[in-house]
Amino acid sequence: MNNKDKILFYLALVWLFFILALGCWWLYLMQMLVNIQGAQMATAFPGAPNFLNLILWEGSAFIILLLLLSGTIFFLFLKDQKRLNSLKLFFASVTHELKTPLASMRLQAEVIKDLYEDKEYDALGNYLNRLLDDSQNMEDQLDRVIQLARVERNGQLNITALSLTELLPRITEKWRQNLIIHFDFQDNIEMVKADSFALEIILRNLITNTRHHSNQTKAMISLRNEETEVSITYCDNGTFSGDPKRLGQIFYSPNQHKGSGIGLYLCKQLINQMKGHIQFQANPFTVTMALPKAPRRGLE
């Protein structure tokens with residue numbers, strides 16, 4: 001936290017302790033009033049003890065509510081600070097991830113220029129491939145940021161009846177690059193209610209996660225019919241060194257210099273928006289998703 005945030009934190013802490021101390025003092029005074037003056041007031045006013053107890057209970061309720069309100073504000077302040085720190089780490093990571101390929105692209109462009117001038121055409125292919133890879137990495141990173149903004153704005157999806165056995169191989173062929181994808185589809189997989197673009201984003205993020213965060217060159221996608229859903233399992237047999245419970249949380253990445261921490265979060269949010277559910281397993285890295293089946297006669 002910077003100095004301004006620290007000042008706000010300590011002020012909130014002082015306020016919470018002040019309310020707590022004030023509440024204890026008021027309760028003590030009211031109890032003393034009941035104990036000392038209760039007998040005297042009972043003689044002059046028969047209903048007075050009940051009145052004092054009423055003040056005691058109402059005052060106690062007011063103090064408890066005030067403490068709860070102060071505690072809630074303090075909790076929300078800490079939660080906001082945690083999210084702010086996550087945002088700072090995220091933008092630092094994005095800046096690093098964009099700066100590195102930009103510098104690499106500039107260097108490769110200069111080398112290509114020199115090779116072209118020296119007529120060394122044989123080496124041009126390797127540098128052009130690296131240039132294309134860096135360009136793709138930048139596009140992937142920017143696309144995740146754009147999709148994050150869309151999800152956070154609760155963008156509407158176009159839910160239709162889709163055949164996963166036709167859609168998934170087409171999507172993976174588009175984005176797998178050097179990754180080998182094996183398929184294990186149960187017979188007669190039923191259609192699901194989903195958004196094709198959202199599924200493409202999900203698979204693209206999972207494939208990118210495998211390429212960037214594991215040494216695996218193969219992955220498996222399985223489809224199974226369940227009672228009311230179709231289960232999709234993505235497994236690359238990779239290992240995960242971070243906290244498994246935080247998989248899918250926004251901006252969480254075990255290596256801040258090698259990921260923005262929004263890919264799996266996007267997968268989770270998009271699956272939820274399609275009325276499905278998702279689970280993450282760390283070792284081996286496995287993502288299990290389920291989408292509702294489409295009615296046989298079409299969408300309801």
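Axes here are lines fitted to C-alpha atoms, for helices over the stretch in contact, and angles run from 0 to 180 degrees between N-to-C directions. Helices (H or I, at least four residues) and strands (E, at least two) are DSSP runs, numbered from the N terminus. This is a predicted model, in which local features need pLDDT of at least 70 and side-chain atom pairs count only at pLDDT 80 or more, while totals for chains, interfaces and linings use all residues. Residues are numbered from 1 along each chain as its sequence is written, and side-chain values use heavy atoms, with hydrogens and water left out.

Start with the overall layout. The protein chain has six helices and seven strands. From the N terminus, the elements read α-α-α-β-α-β-β-α-β-β-α-β-β. Of the 300 residues, 37% are buried; buried means under 20% relative accessible area, exposed over 50%, and partly exposed in between (1.4 Å probe, protein chains only). Contact means heavy atoms within 4.5 Å. Among contacts between residues at least 6 apart in sequence, 73% join residues at least 24 apart.

Five strands form an open sheet in the order 2-4-5-7-6, with mixed pairing. Two strands pair if DSSP finds at least two bridges between them. Strand 2 (180-185) and strand 6 (277-281) are the edges, each pairing on one side only. From one strand to the next, the twist averages 15°. Inside the sheet, strand 5 (residues 229-235) pairs with strand 7 (residues 286-292) in the antiparallel sense, over seven bridges. There, I232 stands opposite M289 in strand 7. Helix 4 (residues 164-175) packs on the sheet and touches strand 2, strand 4 (218-225) and strand 5. The direction of helix 4 makes about 175° with that of strand 2.

Helix 6 lies across strand 6 and strand 7, running at about 150° to strand 6. Helix 6 also has a helical partner. The axes of helix 5 (residues 196-213) and helix 6 (residues 263-273) come within 9 Å and cross at roughly 150°. Angles under 35 degrees count as roughly parallel, over 145 as roughly antiparallel, 65 to 115 as roughly perpendicular and the rest as oblique. Helix 5 and helix 6 are therefore roughly antiparallel to each other. On the helix 5 side, A198, I201, I202, N205 and L206 meet G263, L264, L266, C267, L270 and I271 of helix 6. The residues of this contact divide into nine nonpolar, two polar and no charged. Here Ala, Val, Leu, Ile, Met, Phe, Trp, Tyr, Cys and Pro count as nonpolar, Asp, Glu, Lys and Arg as charged, and the others, Gly among them, as polar. Buried residues in helix 6 include G263, L264, Y265, L266, C267, L270 and I271.

Now the backbone details. Most residues other than glycine have a negative phi, and most peptide bonds are trans. Just after helix 6, K275 takes a positive phi of about 65°. N188 has a positive phi of about 55° and sits in the loop between strand 2 and strand 3 (192-194). N188 is exposed, with a relative accessible area of 71%. N237 has a phi near 60° and belongs to the loop between strand 5 and helix 6. N237 is exposed too, at 51% relative accessible area. The peptide bond from N283 to P284 is cis, with omega near 0°. P284 is in the loop between strand 6 and strand 7.
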